[in-house]
Amino acid sequence: MPSSNPAFSRFNGSGNGQQAMPWATPAQPSGAPGQYGAPTQYDPYAAPSPYAATTTRYMTMDDVVTKTGITFLVTVLAAAATWLAVPDSVAIALLLPAVIIGLVLGLVISFKAIASPAATLAYAAVEGVLVGAISEFFAEQYGTSIVTQAVIGTFGVFAGMLVVYKTGAIRVTPKFTRWIVGALVGVLVLMLANGIAYFFTPDGLGLRDGGPLAIVFSLVVIGVAAFSLLVDFDMADEAIRRGAPAKFAWYIAFGLLVTVVWLYLEILRLLSYFRD
């Protein structure tokens, strides 16, 4: 079934994502031209395959795992360097530039479907600075253990959703994907409205004040982020099925990083509510 994901359209050579094979032509009698009833025209089997010289390599699951591992490693190293090597005042000052640069770079990569190691790793480094600075801030306020718990919780959710996806407990259908997109839009609208409300009331809409409503909202956001991982996993499988080039694994790694960082920050925020 053709994919509805626009990111795959540039990598499909035909309508069904497959190439015609040279051996799909009707069999011909063997022998030299004109001999033993063999055809007098050029024998296609005697020539090298037209696909032998191609340099395109299709993406595999190993590509996804490797590129995602490298991307996450860059993020972790950048976060550790920001937390351990950068003074607190400087780390806090880096928050706003990291947010702006990360947002702009992320939107460009996402909307243009840029599958490039340079773009993905640059985004990973910026996100690492952001994660390191925020983690340092929360560690100073609530202790280092809150960061450890958030990391464990994040990878626990990641592993759990991977098991759910691989076992087929939840199938990623077009309807499910539309539901996730709608939930994402709803969450973003509520966050924007809450931010605007801060200009009029001290606690905004109460979505981030640490109260019961804030806890419920955080749980909803964590749930949406967790289910978004299923869509990311399905994108990787569909890209492999449709014969995307190997470099597309960098785009998959970018998508997974966006979701995991979002999940980590929301878990960190939720844990802080129970420390107040």
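Buried means under 20% relative accessible area, exposed over 50%, and partly exposed in between (1.4 Å probe, protein chains only). The model here is predicted: local features need pLDDT of at least 70, side-chain atom pairs count only at pLDDT 80 or more, and totals for chains, interfaces and linings use all residues. Numbering runs from 1 along each chain as its sequence is written, and side-chain values use heavy atoms, with hydrogens and water left out.

**Exercise 1.** Work out how the rings of Phe-138 and Tyr-142 are arranged and where they sit.

*Solution.* 
- A search of the whole structure turns up 10 aromatic pairs (rings of Phe, Tyr and Trp, its six-membered ring, with centres within 6.5 Å; planes under 30 degrees apart are stacked, over 60 edge-to-face, the rest tilted).
- For Phe-138 and Tyr-142, the centres are 6.1 Å apart and the planes at 35°, so call this pair tilted.
- Both belong to helix 4 (residues 117–142), and being 4 residues apart puts about one helical turn between them. Helices are DSSP runs (H or I, at least four residues), numbered from the N terminus.
- Phe-138 is buried at 13% relative accessibility, while Tyr-142 is partly exposed at 25%.

**Exercise 2.** Find out which parts the pair of Tyr-165 and Phe-233 ties together.

*Solution.* 
- Start with geometry: Tyr-165 and Phe-233 are 5.8 Å centre to centre with 50° between the planes, a tilted pair.
- Finally, check burial: Tyr-165 is buried at 12% relative accessible area, and Phe-233 is buried at 9%.

Definitions and conventions:
Helices (H or I, at least four residues) and strands (E, at least two) are DSSP runs, numbered from the N terminus.
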